[in-house]
Structure formats: C-alpha cells, structure tokens
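Student: I have a model open and want to learn how to read it. Where do we begin?

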Amino acid sequence: MFYDIKNKSLKYDEIFLKDVKLQSEEGEIDTQDTYFLSACDDKLLKELGFARVQEEKIPSFDEKTQELHQIQNYDEKNNLYVISYEVKEKSLEELKELKLEELKAIKEEKLLFMPYKNTIFQIDTDAKINISGKVSEIMLAQLNQKTLENINWIDKNNQIIIFGASEFLEFGTSIAKYTEEVIFKNDSLRNEVKNASSLEELKKIQWENKE
C-alpha cells in the first residue's frame, strides 16, 4: 500500500505506469514506463509522487465505553504516510443511549418468558391473548356455576402442565403482575439513566442488581 501524494489517496497495488514521451524520426511518441513501487528507493518514490505507508497496530479498547479513531498524517520531510489510532472515551450522552438500548433489549426478552413455580412459560403477545381467553372462559364458567375440567397448558419446552381452574386463574394473575413489574422496573431504570450525571453512576445501573 502506498500514498498518492497528488491525489491524497491510498494506492493498494504497487504497479505504477508513468506517461513519457519518446523522440523518434516521426516525432514524439506517447508511451509508458512501468515501475514497481516496492522496488523503488525513497527518493525515486517521491519523484513518482508516492510515499510509503506506515500503519501502527490497532490498540485494544472497550467497545462499550470507548471509540477507536483513525488518524492519517503525511510526513513530508520523511515522505512517509502514517496511519495511527487513538482511543477516546464516548460521551456520557452516547453511553446513556447505549444503556437505554440495553435496558430495552432486556425488557423485551423478559416479556417473552416468565418463571412460574419452577417452570418457564411463554408469555409473548399471542400467548397472552390465549391465556386471557382461557381466563375469561374460566370466569364465565364460574359465574354460571359450571365445573371445568383440568386445563392442559404447555411450557416453554412444549411440555404439558396441568392446571386446575383456580390454579390457572392464579397463573393468569401472576402474568399480569409480572408484566407490570417488568414495565415499571424498566421505566424506573430508564429514569435513573437519564438522570445519571457521571459514568460511575451509569455503570451502577444494572437490571439484575435491582431485583
């Protein structure tokens, strides 16, 4: 890789064709000389309008809190194009946005499944509609003093779980309570993030530590 001084761009191959004019009996002839830039010394390389490229090693950095910036600089004296890297801390506002996205992802994941009596149940939107429908059916049957048989429901792993009518009502109530807790907790943590005044405060805001 070489630096094209005139065009201020990088050249990724080493072959350079230089336009030249040769004198002949018929006059000037346009032709080209071929140069392999890697074989040229520094003086010839500069005459051709190129500089060698020196790229520093990319430093390690924390992608969550830091950003990597590439710095490109042409050292005319030494005819050297230097590519270096600088690690900068992300601004507090940028980190807040990342934290809010993290909380949103956790909330959405938690609203897909719920632990209940040592079993994990699916509680996404479709599941909640089905559960709500079954709860309404049970309540209507109780209102009409009808007896319902045990209710078969499947858990996250498609294993059948048997509920009595009253147990299923309790299950439905638990889902509503759990959903409310997750939403309220997310709102509370989001407010903490928005009000954080330092990186240290922001780092302390963790969903699991708030259980």
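Student: Which residue forms a salt bridge with Lys117?

Tutor: Keep in mind that this model is predicted. A salt bridge needs a side-chain nitrogen of Lys or Arg within 4 Å of a carboxyl oxygen of Asp or Glu. Lys117 pairs with Glu170, with 3.9 Å between the closest N and O atoms. The pair links distant parts of the chain, 53 residues apart. Lys117 sits in the loop between β8 and β9. Glu170 belongs to helix α4, residues 165-195.

Student: Is Lys117 buried or exposed?

Tutor: Read the relative accessible area: under 20% is buried, over 50% is exposed. Lys117 has 54%, so this residue is exposed.

Student: Why are Glu137 and Lys134 separated by about one helical turn?

Tutor: Because they are three residues apart in helix α3, residues 125-143. Glu137 is partly exposed at 40%. Lys134 is partly exposed too, at 22%.

Student: Which salt bridge involves Lys96?

Tutor: Lys96 meets Glu93, at 3.8 Å from N to O. Both lie in helix α2, residues 92-110, and are three residues apart. Now check the accessibility. Lys96 has 8%, so it counts as buried.

Student: Let us turn to nonpolar residues. What do nonpolar side chains tend to do in soluble globular proteins?

Tutor: They tend to be buried together. Here the largest nonpolar core has 27 residues. Among those with the most contacts inside this core are Met114, Ile131, Trp153 and Phe163. At least two core residues come from each of α2, β8, α3, β10 and α4. Helix α4 gives the largest share, nine residues.

Student: Which residues is Ile131 in contact with, leaving aside neighbours within four places in sequence?

Tutor: They are Gln122, Trp153, Phe168, Phe171, Gly172 and Ile175. There is also a second, separate core of seven residues. That core includes Cys40, Leu45, Leu48 and Phe50.

Student: Which residues make the nonpolar surface patch of about 270 Å²?

Tutor: Ile15, Leu17 and Phe36 make this patch. Phe36 lies in strand β4, residues 27-36. At 44% relative accessibility, Phe36 counts as partly exposed.

Key: Residues numbered from 1 in each chain as written. Predicted model: local features only at pLDDT ≥ 70, side-chain atom pairs only at ≥ 80, totals over all residues. Heavy atoms only, no water. Helix = DSSP H or I, 4+ residues; strand = E, 2+ residues; numbered from the N terminus. Buried < 20%, exposed > 50% of the residue type's maximum accessible area, 1.4 Å probe, protein only. Patch = residues over 30% accessible without salt bridge, like charges linked within 9 Å, V, L, I, M, F, W, Y side chains within 5 Å. Areas by Shrake-Rupley, 256 points an atom, 1.4 Å probe, with all protein chains shown as cover. Core = buried A, V, L, I, M, F, W, Y, C linked by side-chain atoms within 4.5 Å. Contact = heavy atoms within 4.5 Å.
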